[in-house]
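Biologist: I would like to learn how to read contacts between side chains in a model. Please take me through some cases.

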Amino acid sequence: MHFKFENKILYHSVIDNLMKRKKVLALTLFAAMAAAAQGQGLLGGHVTGNVQLDGQMSSADSTIGAQDVPEKLLLNARADILYTNGDFSAGLRFEMYQNPLLGFDARYKGQGLANYFVAYNGERLSVTAGNFYEQFGSGMILRAYEDRYLGLDNSLFGLNVQYRPVDGVTLKALAGKQRIFWEYGDGLVRGVDAEVNLGSLVKAIGESKFRATLGAGFVSKYEDDEAVPAAANPEMRLNLPLNVGAASFRADLGYGNWSLQAEYVRKGQDPSAMNGYIYRPGEALLLGLTYSQRGFSASLQAKRIDNMGFKSVRSQSGEMLYINYLPAITKNHTYAFLSMYPYATQVNGEQGVQADVMYKIKKGTLLGGKYGTDVHLNSSVVMGLDTTVTGGAGTEGYDVAGGLGQTLYGDVSVEVAKKLSKNVKATVTYAYQVFNPVVENEPGSLHHNNIAVADVSWKVNKKHSLRFEAEWMGSDSHYDANDPEHNDRRAGDWVMGLVEWNIGTHWFISASDQYAYNDGTGNYPSVAVGYTRGATRLQVGYGKQREGLLCIGGVCRTVPASNGLTFSLTTSF
Amino acid sequence: MKKILLLIAALCMGNAIMAQNATLPQNITLRTIDGQTVQSSVIQNGGRPVIISFWATWCKPCNRELNNIKEVYEEWQEETGVKIVAVSIDDARSAARVKPHAEGNDWPYEVYLDQNSDLKRAMGVVNVPHTFVINGEGEIVWQHTGYQDGGEEELIEHVRQLLK
């Protein structure tokens with residue numbers, strides 16, 4: 001068993017009792033599933049789920065900074081089992097990290113039941129007891145979610161209720177504690193949220209071109225007192241707020257082809273390890289304006305975050321125990337070099353804009369050719385806040401002026417995709433990027449990168465298809481192992497080539513190489529083979545992997561260099 | 001160890017039960033691209049088959065699949081009456097881009113947002129793209145993960161089998 005319970009906080013009785021009864025609950029669940037299985041004819045219901053197994057072997061390679069893996073083989077495994085019978089469902093998840101793959105937190109080491117719940121999902125009422133995931137609005141005051149590839153799971157363990165009294169009105173209420181590795185954080189999270197869709201409520205609006213959804217949420221965190229010294233006088237301890245509240249107001253409006261989304265959130269005094277125990281309230285604003293029609297769309301987004309890191313345990317740093325989620329406003333690039341320097345949200349303060357245009361040039365026109373051409377433009381800029389520090393722990397921390405702080409990130413990219421013939425498709429991308437290492441808490445000056453990608457797929461015949469990818473990156477950064485400001489292995493100029501061969505719809509084989517040809521270091525060849533049948537997929541790879549950041553949604557995890565075999569098996573049933 | 005054995009037992013039971021098909025979850029909350037909240041029971045096609053495709057704006061194979069299907073979708077509809085429902089798993093970072101993305105690509109599909117991944121979890125999806133073939137009774141008859149060029153042929157073949 002890998003569950004440790006901290007029973008000292010007796011007044012959180014409901015939640016704690018639930019947690020103490022974890023074993024009992026889990027067994028009850030199994031019993032329910034077994035009963036259902038045996039009595040298929042009587043009870044009905046069905047079981048669905050998925051299983052994933054990832055393995056890794058790695059040996060030392062000084063040229064890329066890969067370390068030896070003493071265990072020889074690292075394994076991550078998980079299985080989600082969900083039993084559903086009408087409106088009732090029950091689920092559990094088994095996880096194993098023996099030992100965790102490179103880049104996963106060592107505190108995951110172990111195995112056991114990581115998640116379980118029972119739920120009722122009726123037409124008007126939904127109730128979940130146990131582990132659950134939830135989001136209020138865009139998640140800026142509350143988002144319990146998981147990302148298995150980031151090794152991130154901040155699911156709440158408690159009770160979640162959703163009630164829809166009439167069509168167009170959704171009310172939510174929840175309370176629980178957050179998962180951190182194999183335990184739950186001490187902080188108690190409570191929240192309520194209401195959302196109203198005016199079109200469903202008022203017939204005249206529903207029949208008009210006007211659309212409006214309004215929402216508001218409130219989240220409160222409770223945590224015991226602890227001794228934190230004040231900056232001005234280390235002999236004095238801070239008078240910490242035990243309850244920290246955060247509220248959000250949001251609107252999603254539309255008229256014809258236009259839509260406007262806005263969300264404003266505000267958080268009370270929340271001194272924490274993340275913000276250096278300052279008492280400045282937090283706030284964040286997210287705005288989005290979109291115009292879209294068939295074949296054309298344009299959108300503009302703006303975001304401003306000021307001291308909005310919100311965790312259920314104030315002493316936590318790192319990526320765990322976040323109550324809220326602050327999305328990155330930059331485009332989620334997928335090509336290797338475009339995502340080599342990914343942007344990660346700066347929860348303590350940032351402001352940025354993103355513009356995005358998609359246009360389909362019609363077929364039969366000069367630029368459209370026989371099949372039409374897709375053009376996609378995107379640009380984003382993120383700057384720091386214009387702050388003046390006024391004090392340390394125990395003070396307001398800083399003042400903010402209306403101007404711009406330092407440049408954190410900027411990029412502009414243009415992508416053109418075109419079907420050249422019946423069987424050949426090509427996509428070319430060019431991007432210019434500015435990256436400030438401070439985003440990753442690293443020293444150094446701004447990097448300026450030029451990136452070009454060509455991606456061609458060729459359907460050779462009914463059974464075989466090939467895909468070629470060539471990438472280039474020119475950067476003004478350089479690598480020097482002995483200089484802490486320049487020992488980033490991503491530095492320098494790079495080329496990459498990739499060939500992927502798809503055989504039928506079941507097999508693929510690929511080979512690729514990334515090589516720093518100037519001012520950099522490292523050569524990263526790798527091969528992979530994959531087999532897919534239905535909802536089962538097996539992939540085996542061998543090669544070198546660059547150390548770097550794996551980022552999903554603006555949240556990142558550092559992945560160390562590796563050199564060797566990897567495999568991954570997933571299946572859904 | 002006991003737990004692992006139990007789990008294996010549970011898995012086996014799962015397979016035994018799969019003899020009867022799992023059905024599409026009914027009361028999972030989704031959002032339309034116009035921001036309206038709906039329950040997953042809206043995914044239906046008047047007794048004819050439905051293909052559900054889980055996708056994301058940032059997922060290249062998902063976009064290849066949905067764009068390739070677009071070219072044959074009219075023929076598919078004439079032949080089988082199938083309807084395609086594209087469920088986006090984009091989170092707050094890119095959710096605002098789902099509508100412009102779908103319309104910019106001129107997709108003729110019904111598109112929903114599953115921002116909290118509720119339907120994704122309920123249907124056991126691990127990675128996108130992940131497609132399901134649902135028969136007229138709402139039963140899941142086939143599912144597939146990943147996309148390789150030509151994969152749409154296998155997909156429609158499973159829809160055709162429903163009509164036999």
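Predicted model: local features only at pLDDT ≥ 70, side-chain atom pairs only at ≥ 80, totals over all residues.

Biologist: What angle lies between the planes of Tyr97(A) and Trp182(A)?

Modeller: Planes over 60 degrees apart count as edge-to-face. Tyr97(A) and Trp182(A) have 75° between their planes, with the centres 6.2 Å apart, so this pair is edge-to-face. Tyr97(A) belongs to strand E3 of chain A, while Trp182(A) is in the loop between strands E11 and E12, so the pair ties together parts 85 residues apart in sequence.

Biologist: Are Tyr97(A) and Trp182(A) buried or exposed?

Modeller: Buried means under 20% relative accessible area. Tyr97(A) has 8% and is buried; Trp182(A) is also at 8% and counts as buried.

Biologist: Which residues make the nonpolar surface patch of about 340 Å²?

Modeller: A patch is built from residues with over 30% relative accessible area. Tyr120(A), Leu125(A), Tyr163(A) and Leu171(A) make this one. Tyr163(A) is placed in strand E10 of chain A, residues 156-163. At 40% relative accessibility, Tyr163(A) counts as partly exposed.

Biologist: How many salt bridges are there over all chains?

Modeller: A salt bridge needs a side-chain nitrogen of Lys or Arg within 4 Å of a carboxyl oxygen of Asp or Glu. The count over all chains comes to 44. In one of them, the closest N and O atoms of Lys172(A) and Glu134(A) are 3.1 Å apart. This pair links distant parts of the chain, with Lys172(A) in strand E11 and Glu134(A) in strand E6, 38 residues apart. Lys172(A) is buried at 15% relative accessibility, and Glu134(A) is buried at 5%.

Biologist: Which salt bridge crosses between chains?

Modeller: One such bridge joins Arg97(B) and Asp356(A), at 2.4 Å from N to O. Arg97(B) is in the loop between strand E4 and helix H3 of chain B, and Asp356(A) is in strand E18 of chain A. Arg97(B) counts as buried at 9% relative accessibility, as does Asp356(A) at 1%.

Biologist: What contacts does Asp153(A) make?

Modeller: Asp153(A) is in strand E9 of chain A and is buried, with a relative accessible area of 3%. A polar contact of 3.1 Å joins its side chain to that of Tyr133(A). A polar atom of the Asp153(A) side chain also lies 2.9 Å from the backbone nitrogen of Ser155(A). Asp153(A) is part of a network of salt bridges whose members include Arg78(A), Glu146(A) and Arg179(A).

Biologist: How many helices and strands does chain B have?

Modeller: Chain B has 5 helices and 7 strands. Along the sequence, the pattern is α-β-β-β-α-β-α-β-α-β-β-α. Of the 164 residues of chain B, 63% count as buried.

Terms used:
Residues numbered from 1 in each chain as written. Chains lettered and ligands numbered in written order. Heavy atoms only, no water. Phe/Tyr/Trp six-rings, centres within 6.5 Å; stacked < 30°, edge-to-face > 60°. Helix = DSSP H or I, 4+ residues; strand = E, 2+ residues; numbered from the N terminus. Buried < 20%, exposed > 50% of the residue type's maximum accessible area, 1.4 Å probe, protein only. Patch = residues over 30% accessible without salt bridge, like charges linked within 9 Å, V, L, I, M, F, W, Y side chains within 5 Å. Areas by Shrake-Rupley, 256 points an atom, 1.4 Å probe, with all protein chains shown as cover. Polar contact = N/O pair within 3.5 Å; in protein donor to acceptor, adjacent residues only side chain to side chain.
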